[in-house]
Protein chains: 2
Amino acid sequence: MAKEKKVEQITDMDVDFAQWYTDVCTKAELIGYTSVKGMFILRPYGYAIWENIMHELDARFKEKGHVNVAMPMLIPESLLQREKDHVEGFAPECAWVTHGGSEKLEERLCIRPTSETLFCEHWANIVHSWRDLPLLYNQWCSVLRWEKTSRPFLRHREFHWQEGHTLHATAEEAIAETEQQLEVYARLCEDFLAMPVVRGCKTDKEKFAGAERTYTIECMMHDRKALQSGTSHYFGDGFAKAFGITYSDKENKLVHPHETSWGLSTRIIGGLIMTHGDNNGLVLPPRVAPIQVVVLPIAQHKPGVQEAAAALVERLTKLGLRAKGDFSDNSPGWKFAEYEMKGVPLRLEIGPKDMEAGQCVAVSRHNREKRVLPLESLETAVPALLDEIHGALFARAKANLDSHTYTARTLDECREILQNGGGFIKTMWCGDERCELAMKEKLGVTSRCIPFVQEKVGDVCPVCGKPASTMIYWGVAY
Amino acid sequence: MAKEKKVEQITDMDVDFAQWYTDVCTKAELIGYTSVKGMFILRPYGYAIWENIMHELDARFKEKGHVNVAMPMLIPESLLQREKDHVEGFAPECAWVTHGGSEKLEERLCIRPTSETLFCEHWANIVHSWRDLPLLYNQWCSVLRWEKTSRPFLRHREFHWQEGHTLHATAEEAIAETEQQLEVYARLCEDFLAMPVVRGCKTDKEKFAGAERTYTIECMMHDRKALQSGTSHYFGDGFAKAFGITYSDKENKLVHPHETSWGLSTRIIGGLIMTHGDNNGLVLPPRVAPIQVVVLPIAQHKPGVQEAAAALVERLTKLGLRAKGDFSDNSPGWKFAEYEMKGVPLRLEIGPKDMEAGQCVAVSRHNREKRVLPLESLETAVPALLDEIHGALFARAKANLDSHTYTARTLDECREILQNGGGFIKTMWCGDERCELAMKEKLGVTSRCIPFVQEKVGDVCPVCGKPASTMIYWGVAY
């Protein structure tokens, strides 16, 4: 009896990108809806992607000396209020616990929107001497922000992330850490997720509540909108002062340490979908894919076919690859569509004729290119092909980024770019927040970042016409 | 300049076991206190133990076909109320969110105390046919129960755990799953944590709110009290009926599936401490220890000593062991005490004389036994020694369990056992809850489990004197 489930159609991405995106999230079984608005379920296939990202990122953090901890999920209101800018930024979107069991609490507690205040309270207790520094901590958890709107992965009231928090003796060390961790995110995006990034600094308006400086990586989605994909913050000694964290330096003077934090969330999965996906569903880069290779027997009732397919799965698994065989009684056509929807990067087909010829047929998900692979070369050919697919996905995304990154000198030029489909717009900027706000009001774009790699694309700010020496990226952002 | 931190003394466990326990939790840097009562910080060393347990358990779950998911942390009150027994059990200890940002919520939400209701709501949406079953889900998360008292690891208002939730076509399959997962916990305790367990069933009074049957593993701590270390629940189709989960079976009839859940929490770390620890601090079994071997250079200012110690660390790391060298300028005595406090199972010392003789000195944490190891045999000797330490710790804990498990036929016999230091008491039981309550009132013990391995230790219930065919374990529990 064939599986009754039909191959489901999804909306054409060129007709309605937003609906296409939602279709992929649900049809690829990444996300489940719940009865609480803005709260989503990460279903097994969606969570498996996050597990692979966690595993990879965690190893990269530990390589640089970071250790994991677990802080409480609740923050007393008075603790959140200790740092002025921070509470202003986060209090409006906190969820508040007011009752424990049947008792009203003396002080209400918020579910953490982020945990700087908890780390600071702890550090004030345990840091005494320069010998206690640096502290390189990270936490894997979920946080809660009571957003008014929601979209799968991109905006959840509860989202999963990691938040790194570090404490250093000097400003220089803390800034170096902030930059280093941004680069960890950038390498993860490029080498693991095949997502090219623009690295830079946020403007004061866009920086994290309480930070002196926020670094960011910005990715371009298929619809040319920007996705802020990871941020890293330098706090100076502001939090240390607010929370009374001090240490004795080598001269036995009592001084304040310097702090950083940095985070990357499940939002990046939204980025993966919108960078690589197509009208057949999800397209996953091989290194993050829960299933890297699916092996499908063709004419599987014929003698030896299932065994031959199972042998391929076993050989691939031995290589350390995540391989799966599908021996269900669904038709090959149904299986093709199913694993395309799920974005499995490589499909191997093997049938009686292939067995006779000592080969299998390899089909890449992203371009449906078919290749015949001699079975004897499987152990070298498949890993090479997966690397090639990673490279091709990265190149395709890079071409999208490059070809839709524009330079403009005037507001009219900006407007024209946006009317022609938009993308990232590079202009000079005078540094005045009023001009930044005007860009939003007049054109609907926000500043994405002041890139580390600067170019001189003009002489004046396109808004006020005053001399400007800073180049900045603008875009419409998720 | 030598580290100023002093080697800290802890309370003698025979003088004040509770204070000894708290001392170990803080001095070994496992736990940090916070400004919210009952909420603790898992510090890096404590969290590293939990990471090792998670890693091991997760692999064992996946081996049996389970997949991970992430459910929301908030449950609407109406959803929690859907299953009568369940809400009665958990509502009194829920923390309630009543405000999101500045708005009062229409319906208050509780922070999950456990997630059966969320899984059921989801399953009602996605389960249709017998082909969709079984669903073998697990979630790693923290949950919240507003307890009145708290102790590190043993009773947190927020604690970390995994909760497995599975759905099956038949009662038989669900019961087999419940039993299988209890055995996964039992193997973890015995093979990985060196903690011998008693496997059995909870009485109706002690079972999980909403469950038809609760299985448990019970461990004996050093002070002879019991620790419930992992539980596995069979729900029948009660939740499925309450939440309207149905599927079409092979005959196309609409029927209710059967459900299980099972959980193990950071509480087990409290068990580790109280099973293996001693008056010098923590004692960790090698397989779970964040640092399995610490290598200490002796007379490290002498030429070549640090290099020789570093070479040992490198060789051990290459074996896949978690090895650390301590090259700080603290004295060897300070280092000995520090790594004893942290429970590192094996210490290797190497100094100029050892180098000359081509050897190092190995000292086991749990009995301070010294052995000379030829350097050339390091790769075989150290793993063998770690396995031997695991075996010795298990045997020591098993001896404690066996020698303090007693048989009694009357209340007077029970009383005498308890007056002599207590332990587990095996008696017959008539099955009447009133007799169970009487044991608590008269003797201060609770039923621990009805063990799978039954013995006939008498003919009648010691409370009511009626004929009894069931043997049960009693004890004072954490």
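Reader: In which sense do S17(A) and strand S18 (residues 359-364) of chain A pair?

Author: This is a predicted model, in which local features need pLDDT of at least 70, side-chain atom pairs count only at pLDDT 80 or more, and totals for chains, interfaces and linings use all residues. Residues are numbered from 1 along each chain as its sequence is written, while chains are lettered from A and ligands numbered from 1 in the order in which they are written. Strands (E, at least two residues) are DSSP runs numbered from the N terminus, as are helices (H or I, at least four), and two strands pair if DSSP finds at least two bridges between them. Between S17(A) and S18(A) there are 4 bridges, with Arg347(A) opposite Val363(A), and the sense is antiparallel.

Reader: Which residue of S17(A) is the bridge partner of Leu296(A)?

Author: Strand S15 (residues 293-297) of chain A pairs with S17(A) in the parallel sense over 5 bridges. In S17(A), the partner of Leu296(A) is Glu349(A).

Reader: How many residues of strand S17 (residues 346-350) of chain A are buried?

Author: A residue is buried if 20 or more other C-beta atoms, placed from the backbone, lie within 10 Å of its own. S17(A) is mostly covered, and of its 5 residues the number buried is 4.

Reader: How many residues of chain B are in contact with chain A?

Author: Contact is counted when C-beta atoms, placed from the backbone, lie within 7 Å. On the chain A side 42 residues take part, and on the chain B side the number is 42.

Reader: Which residue of S5(B) stands opposite Ala95(A)?

Author: S5(A) and strand S5 (residues 95-100) of chain B run antiparallel, joined by 5 bridges. Opposite Ala95(A) stands Gly100(B).

Notes
Contact = placed C-beta atoms within 7 Å. Buried ≥ 20, exposed ≤ 12 C-beta atoms within 10 Å, placed from the backbone.
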